[in-house]
Amino acid sequence: MVASMEMPTATPTVTRELDVDADAHDVWEALVTDGERAGWLGGPTELDVVPGGRGFVTDPDGTRRDVLVDEVVPGRRLTLDWWTETGVPSHVEFEISPTREGSRLTVTERPLLPVARAADTAGPAAFALAGHLRARCGV
């Protein structure tokens, strides 16, 4: 009997677009300010939001993700890599664009390693941010 195991080759990408009733400045502040970020991620955060900056974020369940900032375009785009001690590291892109009613936040997450199944964290993060912005901006 011959057994074989194929290593997965795909790196699934999760993208969520979310229209929020908040201007681009407020969305940006929710991404780059520790207190604001903690409000929608659900736990303590510390992050130096400059290229090469390091820090961490904490999920509502207490899971800590270490973070390395990749790209910062103030008011428009933030890209970073984050990982847990035991999880698959991911590259996350947050893009903000103005709309007539407020802003569109596009969150894209892709694993940095081939995996059979990626955790869908971009969706919950995007929706948590929208709820935080609604509460903060009174909409």
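**Fold, core and selected residues of the predicted chain**

Glu-93 is found in strand 6, where strands (DSSP runs of E, at least two residues) and helices (DSSP runs of H or I, at least four residues) are numbered from the N terminus. The structure is a predicted model, in which local features need pLDDT of at least 70 and side-chain atom pairs count only at pLDDT 80 or more, while totals for chains, interfaces and linings use all residues. Residues are numbered from 1 along each chain as its sequence is written, and side-chain values use heavy atoms, with hydrogens and water left out.

Leaving out residues up to four places away in sequence, Glu-93 touches Arg-77, Leu-78, Thr-79, Thr-106, Val-107 and Thr-108, a contact being defined by heavy atoms within 4.5 Å. The C-alpha atom of Glu-93 is separated by 9.0 Å from that of Glu-71, although these two residues are 22 residues apart along the chain.

The chain comprises three helices and seven strands, and the order of these elements from the N terminus on is β-α-α-β-β-β-β-β-β-α. Of its 139 residues, 41% count as buried, a class that requires under 20% relative accessible area, whereas exposed means over 50% and partly exposed covers the values in between (1.4 Å probe, protein chains only). Among contacts between residues at least 6 apart in sequence, 40% join residues at least 24 apart.

Confidence in the model is expressed as pLDDT, the predictor's value for each residue on a scale from 0 to 100. The mean pLDDT of the chain is 82, and 73% of the residues reach 70 or more. Over residues 1-8, however, pLDDT stays under 50, and the model has three contacts beyond four places in sequence for this stretch. Residues 116-121 likewise have a pLDDT below 50, with eight contacts in the model beyond near neighbours in sequence. Where pLDDT is low, the predicted coordinates should not be read in detail.

The largest nonpolar core has 23 residues, and those with the most contacts inside it are Leu-31, Leu-78, Leu-80 and Phe-94; such a core is a set of buried Ala, Val, Leu, Ile, Met, Phe, Trp, Tyr and Cys residues joined through side-chain atoms within 4.5 Å. At least two residues of this core are supplied by each of strand 1 (14-20), helix 1, helix 2, strand 4 (64-73), strand 5 (77-83), strand 6 (90-98) and strand 7 (103-111), and the largest share, five residues, comes from helix 1. With residues up to four places away in sequence not counted, Phe-94 touches Leu-31, Trp-40, Arg-76, Arg-77, Leu-78, Leu-80, Leu-105, Thr-106 and Val-107.

One of these partners, Arg-77, is found in strand 5 and counts as buried because its relative accessibility is 19%. The C-alpha atoms of Arg-77 and Phe-94 are separated by 5.6 Å, the two residues being 17 residues apart along the chain. Apart from neighbours within four places in sequence, Arg-77 is in contact with Trp-28, Glu-71, Val-72, Glu-93, Phe-94 and Glu-95.

The axes of helix 1 (residues 24-32) and helix 2 (residues 34-41) come within 5 Å and cross at roughly 85 degrees, and the two helices are therefore roughly perpendicular to each other. The contact is made by Glu-29, Ala-30, Leu-31 and Val-32 of helix 1 together with Asp-34, Glu-36, Arg-37 and Trp-40 of helix 2. Here the axes are lines fitted to C-alpha atoms over the stretch in contact, and the angle runs from 0 to 180 degrees between N-to-C directions, with 65 to 115 degrees counting as roughly perpendicular, under 35 as roughly parallel, over 145 as roughly antiparallel and the rest as oblique.

In the loop between strand 5 and strand 6 lies Glu-85, which counts as exposed because its relative accessibility is 81%.
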